[in-house]
Structures are given as structure tokens and as C-alpha cells.
Amino acid sequence: MSRVTTISEQGGFWSFLRSQLRPRGKILTPFNVISVPIILLGLGILVVRFTQGLGSVTNLSQEYPWGFWIGFDVITGVAFAGGAYTITFAVYIMRMEKYHPIVRATVLNGLLAYIFYAGALALDLGRPWNIINPIIGNSFGFNSVLFLVSWHFLLYMLAELLEFSPVVAEWLGARRARRILSAMTLATVIFGVTLSCLHQSGLGALYLMAKPKIHPLWYSEFIPIFFLVSSIFAGLSMVILEGTLSHRVFKDQIDPKKHHSFEDLVIGLAKGAAIAMFVYYFFRALIFLHDKQWTLLRSGWGAWYLLEIIGLVLIPCFMFAYGVRHRSLGIIKTAAVLTLVGIVLNRLNISIIAYNWYLPVRYYPSWQEIVVTMMVVSAEIWVFRWIVLRMPVLREAHELPSDTQEKPERAAAAASL
Amino acid sequence: METYTYVNIFETKGLEYLLLMSFLVLLVLFVRYLREPGGKD
């Protein structure tokens, strides 16, 4: 198991920073070989996008002003980041200590998801320099859902940064700062969970004004509730998948004694996801019955809807349940992947596929839009890996040199956060 | 004036009530299934 190097051991901040910036591990890995050209190409496309305008690299039009960058990066990416508020709620509010070992990685994942995916919102704005307007008060637009979403994104990113900041303080060896930041964690978590519930549903509320444009099988006044509930199991599935990959990739970062408890964690997360999916499925069924949509099922759209609802919600839900009962990690992981595919499909259905479904001309993302999305995902993984390899994210809470001089109860409290 | 028969399960929202009640029963059974000793957790 590798350990953290502190500033004092490195002989000063700058030499510490230099040592941390050096690459660690092999450079020619399959991920690096694939992701570096994607990132470089994506950056080139972004230069064209910001100098020549959106039309030069995207297939967006007056009929489809929001495309793949909003539908996948923002709407889907934020749902995937739901694991952060779910796990912090479980650990800090419900005191489910069992999940403590994954809090740091989950918060980091959520923070990066918001920075990269929600940050991708700026790419899709025709006048990106106006992104600051809702924040500085230049046309606040109190009645707009986008006003709520923009403020919530900003505040939630700050909340997640605060939640993660004790790790950074630990990495820098700043004992006093860590103690202060750790003391703020509970308040920040309460604030963050509240914001999350509101903006996860807020993203759904954005589509309430598009009633005539969204296919009736996907449109409902309850879209905000659907977005909120589905973000719970999307986030939990993402934590299962991300945790599984991290366990494989960052094996040396994790205490070998903790490997066996990972199975219990995954089973607990799968149980939560199964219950959330069960509730979500019945919500959708109830709305379906209420709106009397039987006849809509007799078309291609109906088959597409059933694929999403039965194939990628109900079946993974039962797979999670079966996996929990039989303690089968393979089935749980497969269910997590199917669930994530279902979330992608649901968000893309609402934002792109079933949007303007009656128009003869359809929107398909250009190759540049897909490359930029792959760039955003690759860049997030690069930053995640950089942080995990340097900061005590998966490792046990790092004991700072002067921790032993602290009052024991304070030191214990700080180490638990 | 719109008319409907009280025995029509579609017009009286009877189906919605049935679904809601079956959901509550099934949810209890589902959670119990997840807590069975086989699942230990």
C-alpha cells in the first residue's frame, strides 16, 4: 500500500508540488494511448467552436437548440453524480458508517462530474460570456428554472469542494486547516443534499415548458420527481461501477484488509438501488395509467418506451434484488451497467430522441460533438486518477506528523471525516 | 354532460387505485425479499 508524502518530508511547498506533478506509473497504458489523442482533438474542436461559433462543429438548429452536449454531458452527467449526495446523506446524516470508506472517492467523483459535465454547459451557450449573468445579477430571472439550476450548480460545486477539502488539507499536511474544514462537513453535507434534491429535479423541470415538443410517453408534469428518484439509483449504480473499477485499477491504494468488506458495500448499495428503482417503476406506471396511454404503445415509440421501462428499469431492478439475495457481485455489476444505460436512454429520450419527435428532420450529433463529449469524460478520468494517486482518497485517513500532539478526541473526529 | 359508469375501471380511476394498493403490498414484499436470511445483509 503506497503512502502519502508530506510537505515537511519534501523540504518545502515548491519541491513538494514539483514532486506531486511528476507522472506516476506507466505512461504507455491503453487508456493513455486512447485518451490523449481524443483530448487533443477535442481541444482543437473547442478552439473552432469558440472562434467560429456553435454551427461550425455541431448539428444544432432552431428546432434542436439543445443537443448531445446538454442531453448527455449535463443532463445525464449530473444524474450520474447523484451518488455523492446519496452516500454523504447515508454516512453523515443516517450515520451508516459502513459506507464511510467510499465517501471520499464518491465525493471526488461527484465534484469532478459537476466541474466537467455541468461545466460543459458553457460549451453549449451561444454567448458563453453571459454565463455569469444569473450570478452577478445582470437579469437575475427569478422565474426561470435555469436561474435555479445555475445557482444550484455553483453552490453545490462549492459544497462538494468543501466536503472534499479535508482531503486536500491532509495532502498538504495542513493540520489546523483540516480540523476547521472537517468541522464544517456536516453542515456542508446538509446544504449539499438539499441543493442536490432541488437541482436534480430542477433539470427535469426545464422540460416542463416543452410539453408540446416531447412525446407524450415521456412528457409528464412529474418529470422533476422522475429525475430526482432516478438520480438516486443512477448515482448508486455509478458508485458500484466506479468502485469496482477503482478497486481493480488502484489496488495498491487500498488496505488489503478492506478488500473483503467491498462485497458488503456493493450489496448494500445494490439493495438501495433496487428499492429506488422499484418505486420509480411504479411512479412511471401510475402516470402511464393516469394519462391513459395504452394506444401509444402500438407504435415504434411504444416499443422504445417499453425497452426503457421494462428492459432498463424493471429487469435491472430484479437483477439487483436477485444479486443481493444470492450475494452475486457479477449480477449486481451487470445490473449497474444496464441501469446506467437506462439512465442515458431516458435522459436522451427526453432531451433529444423523443423531443420534436413529429418533425421530419431529425437531429443527430456531429462527430465533433461526440469527440468533445469523449474528451470531457477522458479529462475527468485523468484528473480523478491524478488526485487518487496523490491524495488520501482511497487510502486510510492519513495521520499527520503533529496529529499525535492533538487532543485524542479531536484527532479521532478529524480522522473520521 | 359527460357520463360514465361506475363499474368501468378505466373511467373511475379504479385501475390507478388498484395499482397504488398493489404497489404498497409489493413494496413490503420486495423489501422483505431483500432482507431474507439468504441475503444476510
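Visitor: How many other C-beta atoms lie within 10 Å of Asn356(A), and is the residue exposed, partly exposed or buried?
Guide: This is a predicted model, and the neighbour count given here is computed from it. Asn356(A) has 18 other C-beta atoms within 10 Å. Because a residue counts as buried at 20 or more such atoms and as exposed at 12 or fewer, Asn356(A) is partly exposed.

Visitor: Where is Asn356(A) found, and what is its phi?
Guide: Asn356(A) is found in the loop of chain A between α14, residues 329–353, and α15. Most residues other than glycine have a negative phi. Asn356(A), although it is not a glycine, has a positive phi of about 55°.

Visitor: Which loop holds Arg95(A), and is that residue buried or exposed?
Guide: Arg95(A), which is not a glycine either, has a positive phi near 60°, and its place is in the loop between α5 and α6 of chain A. Because Arg95(A) has 9 C-beta neighbours inside 10 Å, and 12 or fewer is the cut-off, it counts as exposed.

Visitor: How are α5(A) and α10(A) oriented to each other?
Guide: Two packed helices are described by the angle between their axes and the distance between the axes. Helix α5 of chain A, residues 82–93, packs against helix α10 of chain A, residues 185–205, at an angle of about 140°, with the axes 9 Å apart, and α5(A) passes α10(A) in a left-handed crossing. Since an angle counts as roughly antiparallel when it is over 145 degrees, α5(A) and α10(A) are oblique.

Visitor: How many charged residues are in the contact of α5(A) with α10(A)?
Guide: From α5(A) the contact takes Gly82(A), Tyr85(A), Thr88(A), Phe89(A), Tyr92(A) and Ile93(A), while α10(A) contributes residues including Leu186(A), Val189(A), Ser196(A) and Gln200(A). By class, this contact has 7 nonpolar and 6 polar residues, and the number of charged residues is none.

Visitor: How do the residues of the contact of α6(A) with α15(A) divide by class?
Guide: Helix α6 of chain A, residues 103–118, and helix α15 of chain A, residues 367–390, pack at about 145° with their axes 10 Å apart, and their crossing is right-handed. Among the residues that make the contact are Leu112(A), Phe116(A) and Tyr117(A) of α6(A) and Glu380(A), Val383(A) and Phe384(A) of α15(A). The division is 10 nonpolar, 1 polar and 1 charged.

Visitor: Which residues have the most contacts inside the largest nonpolar core, and what does Ala273(A) touch?
Guide: In soluble globular proteins, nonpolar side chains tend to be buried together. The largest nonpolar core here has 106 residues, and those with the most contacts inside it are Tyr117(A), Ala270(A), Ala273(A), Ala274(A), Met277(A) and Phe320(A). Leaving aside residues up to four places away in sequence, Ala273(A) touches Phe233(A), Leu236(A), Ser237(A), Phe320(A) and Thr339(A).

Visitor: Which residues of α1(B) meet α13(A)?
Guide: Chain B has 1 helix and 0 strands, and the contact between the chains takes 14 residues from chain B and 16 residues from chain A. The axes of α13(A), residues 300–325, and α1(B), residues 14–34, come within 9 Å and cross at roughly 35°. The residues of this helix contact divide into 5 nonpolar, no polar and 1 charged. Ala321(A), Val324(A) and Arg325(A) of α13(A) meet, in α1(B), Phe30(B), Tyr33(B) and Leu34(B).

Conventions
Residues are numbered from 1 along each chain as its sequence is written. Chains are lettered from A and ligands numbered from 1 in the order in which they are written. This is a predicted model: local features need pLDDT of at least 70, side-chain atom pairs count only at pLDDT 80 or more; totals for chains, interfaces and linings use all residues. Two residues are in contact if their C-beta atoms, placed from the backbone, lie within 7 Å. A nonpolar core is a set of buried Ala, Val, Leu, Ile, Met, Phe, Trp, Tyr and Cys residues joined through C-beta atoms within 7 Å. Axes are lines fitted to C-alpha atoms, for helices over the stretch in contact, and angles run from 0 to 180 degrees between N-to-C directions. Helices (H or I, at least four residues) and strands (E, at least two) are DSSP runs, numbered from the N terminus. Angles under 35 degrees count as roughly parallel, over 145 as roughly antiparallel, 65 to 115 as roughly perpendicular and the rest as oblique. A crossing is left-handed if the near helix is turned anticlockwise from the far one by less than a right angle, and right-handed if clockwise. Ala, Val, Leu, Ile, Met, Phe, Trp, Tyr, Cys and Pro count as nonpolar, Asp, Glu, Lys and Arg as charged, and the others, Gly among them, as polar.
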